[in-house]
Amino acid sequence: MTHLDISQVSIEFPTPKGSFKALDGVNLKIEKGEFVSLIGHSGCGKSTVLNIVAGLYDATEGGVLLDGKEVRGPGPERAVVFQNHSLLPWLTSYENVELAVKQVFKGKKSKKEMHDWIMHNLELVHMTHAADKRPSEISGGMKQRVGIARALAMEPSVLLMDEPFGALDALTRAHLQDSLMEIQKDLNNTVIMITHDVDEAVLLSDRIVMMTNGPAATVGEILKVDLERPRDRLALADDPKYVDYRAQVLTFLYEKQRKVEPINKASHTTKDDKLASNG
Amino acid sequence: MSALVQSIRSFGMQKLEAFQLKNLFMPLIGIVVFLFVWQVGADRIDTSLGKFPGPVAVYEQWQGLVADHQRERSKESSFYERQEKRNADRVAKDPNYVPKIREYTGKPTFFDQIFTSLYTVLAGFGLATLIAIPLGIVIGLNSMVYSALNPVIQIFKPVSPLAWLPLVTMVVSATYVSNDPMFSKSFLTSMFTVTMCCMWPTLINTAVGVAAIEKDLLNVSKVLRLSWLTHVVKIVIPSAMPMMFTGLRLSLGIAWMVLIAAEMLAQNPGLGKFVWDEFQNGSSSSLGRIMVAVLMIGFIGFLLDRAMLFAQRYFSWDKTQVLR
């Protein structure tokens, strides 16, 4: 049975000028332990798909099945790593993870077990040294690590990542991608990740889902990335298969789905962008 | 080398001097200029109670008030001494005698009145906080409740304490009937008037702070499926804390201003009554004494605001935040 089944999902947002159809008939089946990237131009509704799976938005048509059960509302079994970390600024790294652990494992783990579990997850992202630091005291990359630890600590069936490294500089991003691959090797989570970055998509994913431009965006092509794991970014740089995958994604984005942004219709574009950043 | 050290040192000194100039010397100049203008201006104003008091006259009145206070305190302690002695004597003569203890009933001094004002304002402000923060959180969380209560809030917010006072007085008189009252009616009237007038900034700022929580943090709460109470305690309150304190500081400022007016009319034995009594008294020293009270009111208001600022620093999670 399919682990996660996104079936015929469409969504319309009400706007003052009538309803706006952001997604139209999105279909995607994801197996357990699969790492899937969603890529597309900004405004194509990638985040909207993720938010529907997370339960933060309700699809107008169609729905999402997780292990055969329909998704209703948000929940910790579909943990989200948000783009801008979204840690609570008044809690330390430890307390941020603790909030999630206490909520998910209330009555299932003893105090000691909870503490060990929190530390274990901070260990996974190499953040034990800053357990007692507040988000304002650590760097952007470290905040995102804690955000990942918090999501992992919920032991989610699906891990949803909304451009998790989008706000980071290139070096930090590479570090975090390596960390994520390492974690993924051990835990083998089911992951849906949204990204703008072609290299990131090819490096991390088992499959890359390329989305067409909105409005009424949908799945364009799906690319299976058949590269041996563990993957090494340096070795792959010259690998002909890697280069080919990369070229395929780029062709889709810049030839088949070239984003034409007419200057005189700027207001229309901003509306799309706004909707995209909302979801 | 030593020249370099010397220049670094002298630079350090310059910085220190600049700091002293700005933070010690300039305020001093400001105060001196103010006192001068006050003195010159006061000399030119004649009232039916004599000249308007300048700084010197006010200082004399201040000394007078301190002396009054000391005199009253020594009278009080000697009263209790005499009473104790008298009771001891009577018990010695007649072992069955149960000694009577009488309270000293001298008039309150200026400093007693300051104390009365302080606890009245804190009681009123405390009650306002107890109402405004929970209500503000509810309003901020629920836009329906906000829409329902907003017109009421907007209408009551600008009402002057003087308008409330007669109503509060009548209601207190009618409802607080007791043979052995724990609080005097004048205290309750002043306190409730303060509460009615000062709760609005806390209420509104709390509501705005709660409504302005980042959407991402709300999403975190949703994904975690936090219960309503955990959501409020862990996310809503810390997030709205800075706005709450802004409201509380404004409220305490208003409370202190309102209190003086309320005390004048309710005859609560605080600073407001002091000013009113001196005004009615109309002696040659009255204006000077009122001026002492004015300065004292200002100074205490300033201290209250500082105290609130320290509380904000203590409770705020963001210690880097610049507060002024």
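Does A:Asn188 count as buried or exposed, and how many C-beta neighbours does it have inside 10 Å? A:Asn188 has 12 such neighbours, so it counts as exposed. Keep in mind as you read that this is a predicted model.

Most residues other than glycine have a negative phi. A:His126 also has a positive phi, near 60 degrees, and is a residue other than glycine. Look for A:His126 in the loop between helix 3 (111-124) and helix 4 (140-153) of chain A. A:His126 has 14 C-beta neighbours inside 10 Å and therefore counts as partly exposed.

Another backbone detail in chain A is the peptide bond from A:Arg229 to A:Pro230, which is cis, with omega near -5 degrees. Most peptide bonds are trans. A:Pro230 sits in the loop that runs between strand 10 (219-224) and helix 7 (233-236) of chain A.

Stepping back to chain A as a chain, an unreviewed UniProt entry places the feature "domain: ABC transporter" at residues 1-238. Over that span the chain is 33% helix and 26% strand, and its end C-alpha atoms are 37 Å apart.

Now turn to chain B. Its domain assignment gives domain 1 (55-106) and domain 2 (110-315). Taken over C-alpha atoms, the centres of these two domains of chain B are separated by 36 Å. Where they touch, domain 1 of chain B contributes 9 residues and domain 2 of chain B contributes 7 residues. On the domain 1 side of this contact in chain B, the residues divide into 4 nonpolar, 3 polar and 2 charged.

An unreviewed UniProt entry also annotates chain B, giving "transmembrane region" for residues 21-41, 118-141, 162-179, 191-213, 247-266 and 286-304. Residues 21-41 of chain B are 100% helix and 0% strand, with end C-alpha atoms 28 Å apart. Residues 118-141 of chain B are likewise 100% helix and 0% strand, and their end C-alpha atoms lie 34 Å apart.

How many residues of chain B are in contact with chain A? There are 15, and they meet 17 residues of chain A. On the chain B side, helix 7 (215-223) and helix 8 (228-266) are the elements that give two or more residues. Helix 7 of chain B supplies the largest share, 6 residues. By class, this side of chain B has 8 nonpolar, 2 polar and 5 charged residues.

Finally, look inside. The largest nonpolar core has 137 residues, and among those with the most contacts inside it are A:Val53, A:Val249, B:Val194 and B:Ala255. Helix 8 of chain B gives the most to this core, with 18 residues. Both domain 1 (55-106) and domain 2 (110-315) of chain B give residues to the core, so it lies between them.

How values were computed: Residues are numbered from 1 along each chain as its sequence is written. Chains are lettered from A and ligands numbered from 1 in the order in which they are written. This is a predicted model: local features need pLDDT of at least 70, side-chain atom pairs count only at pLDDT 80 or more; totals for chains, interfaces and linings use all residues. Domain bounds come from an automatic or database domain assignment. Two residues are in contact if their C-beta atoms, placed from the backbone, lie within 7 Å. Ala, Val, Leu, Ile, Met, Phe, Trp, Tyr, Cys and Pro count as nonpolar, Asp, Glu, Lys and Arg as charged, and the others, Gly among them, as polar. Helices (H or I, at least four residues) and strands (E, at least two) are DSSP runs, numbered from the N terminus. UniProt positions are given in the numbering used here, feature names are shortened, and annotations may be inferred rather than shown by experiment. A residue is buried if 20 or more other C-beta atoms lie within 10 Å of its own, exposed if 12 or fewer, and partly exposed in between; C-beta atoms are placed from the backbone. A nonpolar core is a set of buried Ala, Val, Leu, Ile, Met, Phe, Trp, Tyr and Cys residues joined through C-beta atoms within 7 Å.
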